[in-house]
Each structure stands twice: as structure tokens, then as C-alpha cells.
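Student: I have a model open and would like to learn how to read its local features. Could we go through them one at a time?

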Amino acid sequence: MISSKKELKFYIMADSMMNKGYFTPSAKQRLVDLLHPDPIMHYLRFSRKAWYYKTKKNPLWIYYSWRWQKLGIRLGFSIAYDVFGYGLVVPHHGTIVVGTGNQIGNYAVLFTSTCITEKPRKTIGDGLYLSTGATITTCEKLGSNVTIAANSVVAKSFSEENNILLAGMPATVKKQTQPWYIRDGAIWESRVERCEELRKKMKLFSQTD
């Protein structure tokens with residue numbers, strides 16, 4: 001839950017770092033965004049603000065929810081705004097469906113043509129990597145750093161297993177794997193490290209330190 005303005009700021013900055021490589025845009029980057037706006041980043045910001053203002057029962061949540069829904073229709077997204085932790089990565093626009101009521105950790109990656117159903121409600125750890133065409137259906141719980149291969153269907157829980165690759169229809173464990181941000185190159189690991197450094201500097205979520 002985003003319960004303070006400080007947390008809201010951090011979530012937005014972490015999303016920006018993971019998707020764009022910076023916490024706040026430079027003057028040049030702001031000019032580029034003015035001329036060629038990034039709709040995915042706007043969608044993520046609107047979703048974070050809708051979540052925060054809804055939590056605070058502030059009427060502004062209606063405005064941000066409307067902007068979020070309108071942009072989601074354009075992008076093909078139907079992603080519940082109160083589901084994901086910070087550092088959510090969405091590389092491309094296209095069909096992505098994530099039902100409300102789920103609880104998914106930090107540094108998740110969502111590719112196109114993916115779906116996480118609303119029921120049953122799911123609890124998923126940090127570092128989820130949902131490849132193109134993958135679906136999470138009747139699963140109720142997944143551990144951390146779970147990669148789901150393209151076009152796979154996860155229909156049961158893997159609650160006690162972390163750092164795994166799931167593949168198939170229905171999906172089964174194929175092998176142990178590293179967290180995606182380590183596996184996919186130093187640039188991603190560096191971005192996660194910078195987010196965690198910022199989190200500590202802002203004195204947030206100290207219970208996980």
C-alpha cells in the first residue's frame with residue numbers, strides 16, 4: 001500500500017529508474033518527453049497516484065483513475081492499480097490483463113499478451129518475470145524470482161520455491177535460475193541496486209532491511 005507522499009514519490013521514481021534508467025528526467029529528457037511522450041510511464045504514474053489518493057479517500061483518485069483507465073484502453077492494458085510493488089517494468093504496449101485483489105512484489109516484468117486472473121487471489125513474491133503469452137490462472141501463491149516462459153500456463157502454486165523457471169501447459173519447474181535482473185545483464189542489476197539505495201536513503205520499508 002502506498003500510504004504516504006514519500007512512498008508515492010519513491011514508487012514513481014523506482015518505476016522510472018527500472019524503465020528509463022533515471023529517477024527524475026533532466027531538462028533535455030523533459031523536452032524529449034514533451035515532444036515524444038512515453039505513454040507507458042504516464043500510465044504507471046497515473047496508477048500509482050490513483051492508488052495513493054484512493055487510500056487517502058481523496059477525490060483526486062477519481063481524476064487519476066479516469067486518466068489511468070483512458071490511457072489503458074489506448075495501450076491495451078487492464079492492470080489493477082493496487083497490485084504491484086515498486087519498480088514495475090512494462091517493456092511494450094499491448095494486451096496485458098491483471099485482476100484486482102492480487103498481491104505481487106517488487107521488480108515485476110510484464111510482457112505483452114499476458115494475464116494474471118483475478119480469482120483466486122494470488123500472492124507472488126519479488127522479481128516475477130512474465131514472458132509473452134504467459135498466463136497465471138488457478139495458482140494462488142508463487143515464491144520470489146519466478147520466471148514464467150512464453151505461452152506457459154501456471155495453474156498451481158509453487159509457494160516454497162524461489163529462483164525457478166516455470167514452463168509448459170500446465171507449467172512445471174524446468175530449472176533453477178537467477179533473478180531476472182541478474183540474468184539479463186548488469187544494467188538491470190545496477191538499476192535495482194540504485195532503487196534499493198534510494199529506498200534506504202528515504203528511510204522507507206525499513207522492516208525488510
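Tutor: Begin with the surface, and keep in mind that this is a predicted model. Leu31, Leu34 and Leu35 make a nonpolar surface patch of about 350 Å².

Student: Where is leucine 34 found, and is leucine 34 buried or exposed?

Tutor: Leucine 34 belongs to helix α2, residues 27-35. Its relative accessible area is 67%. The cut-off for exposed is over 50%, so leucine 34 is exposed.

Student: What does aspartate 38 touch?

Tutor: Aspartate 38 sits in the loop between α2 and α3, the latter being residues 39-55. Leaving out residues up to four places away in sequence, aspartate 38 touches Lys20 and Asp33. There is also a polar pair to note: a polar atom of the aspartate 38 side chain lies 3.0 Å from the backbone nitrogen of isoleucine 40.

Student: Which residues does histidine 42 touch, and with which side chain does the side chain of histidine 42 make a polar contact?

Tutor: Histidine 42 lies in helix α3. With residues up to four places away in sequence not counted, histidine 42 touches Asp33, Pro37 and Leu71. The polar contact of its side chain is with the side chain of arginine 45, at 3.1 Å.

Student: How is the accessibility of histidine 42 classed?

Tutor: The value is a relative accessible area of 22%. Buried requires under 20%, so histidine 42 is classed as partly exposed. As for separation, histidine 42 and lysine 122 are 80 residues apart in sequence, and their C-alpha atoms are 26 Å apart in space.

Student: How do I read a sheet?

Tutor: The general idea is that strands of a sheet pair through backbone hydrogen bonds, in either a parallel or an antiparallel way. Here an open sheet of three strands has the order β3-β6-β9, and the pairing is parallel. Its edge strands are β3 (103-104) and β9 (141-142), each of which pairs on one side only.

Student: How many bridges join β6 to β9, and what is the bridge partner of threonine 123?

Tutor: Two bridges join β6, residues 123-124, to β9, and these strands run parallel. Threonine 123 has lysine 141 in β9 as its bridge partner.

Student: Next, peptide bonds. Which omega value goes with the cis bond from lysine 119 to proline 120?

Tutor: Omega is the angle to read. For the cis peptide bond from lysine 119 to proline 120, omega is near -10°. Proline 120 is placed in the loop between β5 (114-116) and β6. Another cis peptide bond runs from methionine 169 to proline 170, with omega near 5°. Proline 170 is in the loop between β12 (164-168) and β13 (171-176).

Student: And phi: what is the value for serine 113, and where does that residue lie?

Tutor: Phi of serine 113 is near 60°, a positive value in a residue other than glycine. Serine 113 lies in the loop between β4 (109-110) and β5. Its relative accessible area is 44%, so serine 113 is partly exposed.

Student: What is phi for asparagine 163?

Tutor: Asparagine 163 is not a glycine, yet its phi is positive, about 55°. The residue is found in the loop between β11 (153-154) and β12. Asparagine 163 counts as partly exposed, with 25% relative accessibility.

Definitions and conventions:
Residues are numbered from 1 along each chain as its sequence is written. This is a predicted model: local features need pLDDT of at least 70, side-chain atom pairs count only at pLDDT 80 or more; totals for chains, interfaces and linings use all residues. Side-chain values use heavy atoms; hydrogens and water are left out. Patches are made of residues with over 30% relative accessible area and no salt bridge: like charges are joined within 9 Å, nonpolar side chains (Val, Leu, Ile, Met, Phe, Trp, Tyr) within 5 Å. Accessible areas come from the Shrake-Rupley method with a 1.4 Å probe; for residues, only the protein chains shown count as cover. A salt bridge is a side-chain nitrogen of Lys or Arg within 4 Å of a carboxyl oxygen of Asp or Glu. Helices (H or I, at least four residues) and strands (E, at least two) are DSSP runs, numbered from the N terminus. Buried means under 20% relative accessible area, exposed over 50%, partly exposed in between (1.4 Å probe, protein chains only). A polar contact is a pair of N or O atoms within 3.5 Å; within protein, one must be able to donate a hydrogen and the other to accept it, and residues adjacent in sequence count only if both atoms are side-chain atoms. Contact means heavy atoms within 4.5 Å. Two strands pair if DSSP finds at least two bridges between them.
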